[in-house]
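The following note sets out a number of points on the structure shown below. Please read each point with the structure in view.

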Amino acid sequence: MGKSANKYTLLRTLSRFIGLIYKSLDAWKIMFIYGAIITFLYYIMSTTQFICNQTNVACFLRFQIIIAIILLFVCFCYLYDFYQNVFKNTVFKYSSIVKFDKNKIKSIGFLLFYVLCFVLSAFIAKYIVFKPANPNWKIEFIYFVVLFIFCMLPILAMRFSAIVAFYFNDLKLPSLNYLYEKTSGHSFIGIVGFLLTMLIMAVFNMQAYGYVTHFTTKYPTLVTVEVLATFFDILVKLFTLNVMFCFFEAQRQLMSESDLSDSVAKQEAEPIEVKKSNPVKTKKEKHIKTGKKSHKK
């Protein structure tokens with residue numbers, strides 16, 4: 001039974017994954033609202049050259065970094081509202097965009113920590129690859145080991161990605177050992193399917209960016225065409241984030257269902273012990289018996 005269940009784990013993961021992607025289309029309203037906000041921030045970023053002097057590189061970099069942090073924060077807010085609306089069936093309100101309660105801030109911080117696993121790994125890998133070679137082979141070997149460790153970090157973060165869905169669903173965080181066991185064997189193949197899906201989405205993003213560049217080059221004076229093309233490109237990127245969260249949720253749901261089926265099977269396997277209860281004579285019964293004996297006498 002266990003082997004046959006594991007045999008179809010990949011199919012079950014991908015089918016649940018595709019079903020959640022279809023369900024995520026119900027959040028088109030949230031995606032359009034946040035897409036408009038991000039488009040507006042994108043065009044504020046493009047006005048940096050007018051705010052800062054072209055020779056003032058420090059001002060240009062500071063302004064770009066501030067806008068980039070704001071854009072990242074807005075994307076995290078979008079993912080929080082998206083998850084609450086699609087997977088927790090909460091009603092989306094316009095006021096939730098600017099409403100920051102304790103749960104929302106903690107969820108955004110947790111997501112930031114998860115994303116840093118990828119960003120830090122990419123930054124360190126780039127630094128080590130492009131650094132000048134050290135003549136001491138021992139130091140160079142240490143750099144190679146560090147590079148290997150940080151290249152494995154995104155793979156581990158992807159394997160433990162269901163922890164994000166557990167946190168966003170207000171559930172108790174499982175241990176890393178639990179997540180490792182749940183994604184071992186055939187279950188780990190589901191991650192390969194997710195990576196292939198993300199690769200297809202990356203190609204789709206490149207095509208969308210190519211169309212945006214084509215329209216903005218062909219119609220440089222039409223601001224409306226440029227804004228709509230940029231808005232379409234941002235919508236594609238937000239949908240890519242939706243796909244990522246759908247995979248997190250698909251893993252969490254399958255893990256919860258597996259735990260539930262295991263607990264039910266365990267309860268059915270355990271024999272039910274029926275204890276024989278010894279009859280306890282009450283004082284009234286004893287009195288009746290003694291009364292009968294005295295009557296016979």
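**Notes on the structure**

1. **Aromatic pairs.** The structure holds 17 aromatic pairs. One of them is formed by Phe17 and Phe247, whose ring centres are 5.7 Å apart and whose planes stand at 80 degrees, an edge-to-face arrangement. This pair links distant parts of the chain, since Phe17 belongs to helix α2 and Phe247 to helix α11, 230 residues apart. Both Phe17 and Phe247 are buried. It should be kept in mind throughout that this is a predicted model.

2. **A second pair.** Why is the pair of Phe32 and Phe231 described as edge-to-face? The ring centres of Phe32 and Phe231 are 5.7 Å apart and their planes lie at 70 degrees; planes over 60 degrees apart count as edge-to-face, and therefore the pair is placed in that class. Because Phe32 lies in helix α3 and Phe231 in helix α11, the pair ties together parts that are 199 residues apart in sequence.

3. Phe231 has a relative accessibility of 17%; because buried means under 20%, Phe231 counts as buried.

4. **The ring cluster.** Ring pairs also join residues into a cluster, whose members are Tyr34, Tyr78, Tyr80, Phe82, Tyr83, Phe87, Tyr114, Phe168, Phe245 and Phe248. For Phe248, the contacts beyond four places in sequence are Tyr114, Met158, Ser161, Ala162, Val164 and Ala165.

5. **The nonpolar core.** The largest nonpolar core has 55 residues, and those that touch the most other members are Tyr34, Tyr78, Val164, Phe168, Leu179, Phe245 and Phe248. At least two residues of this core come from each of α2 (9–24), α3, α5, α6, α7, α8 (162–168), α9 (176–182) and α11.

6. **The overall fold.** How many helices and strands are there in the chain? The chain has twelve helices and zero strands. Its pattern along the sequence is accordingly written α-α-α-α-α-α-α-α-α-α-α-α. Of the 297 residues in the chain, 33% are buried. Among contacts with a separation of 6 or more, 80% are between residues 24 or more positions apart.

7. **The largest pocket.** The volume of the largest pocket is about 830 Å³. Its lining consists of 27 residues, and Cys75, Asn205, Lys237, Leu238 and Leu241 lie nearest its centre. Two or more lining residues are given by each of α3 (28–46), α5 (57–86), α6, α10 (189–218) and α11 (223–269). Which element supplies the largest share of this lining? Helix α11 does, with ten residues. Sorted by class, the lining has 20 nonpolar, four polar and three charged residues.

8. **A buried asparagine.** Asn242 is located in helix α11. Because its relative accessibility is 1%, Asn242 counts as buried. Apart from residues up to four places away in sequence, Asn242 touches Ser24, Met31, Tyr78 and Phe82. Tyr78 and Phe82 are also members of the ring cluster described above.

9. **A buried lysine.** Where is Lys131 placed? This residue is in the loop between α6 (102–130) and α7 (137–159). Lys131 has a relative accessible area of 13%; the limit for buried is under 20%, so Lys131 is buried. Its contacts, not counting residues up to four places away in sequence, are Glu140 and Tyr143.

10. **Two positive phi angles.** Asn89 has a phi near 55 degrees, which is a positive value in a residue other than glycine. Asn89 is in the loop between α5 and α6, and it is exposed because its relative accessible area is 58%. Asp170, likewise a residue other than glycine, has a positive phi near 60 degrees. Asp170 is in the loop between α8 and α9. Its relative accessible area is 47%, so Asp170 is partly exposed.

Methods. Residues numbered from 1 in each chain as written. Predicted model: local features only at pLDDT ≥ 70, side-chain atom pairs only at ≥ 80, totals over all residues. Heavy atoms only, no water. Helix = DSSP H or I, 4+ residues; strand = E, 2+ residues; numbered from the N terminus. Buried < 20%, exposed > 50% of the residue type's maximum accessible area, 1.4 Å probe, protein only. Contact = heavy atoms within 4.5 Å. 1 Å grid on protein atoms, 1.4 Å probe; cavity = no way out; pocket = protein on both sides within 12 Å on 5 of 7 lines; lining within 4 Å. Points joined across faces, edges and corners; volume = space filled by probe spheres on them. Nonpolar A, V, L, I, M, F, W, Y, C, P; charged D, E, K, R; others polar. Core = buried A, V, L, I, M, F, W, Y, C linked by side-chain atoms within 4.5 Å. Phe/Tyr/Trp six-rings, centres within 6.5 Å; stacked < 30°, edge-to-face > 60°.
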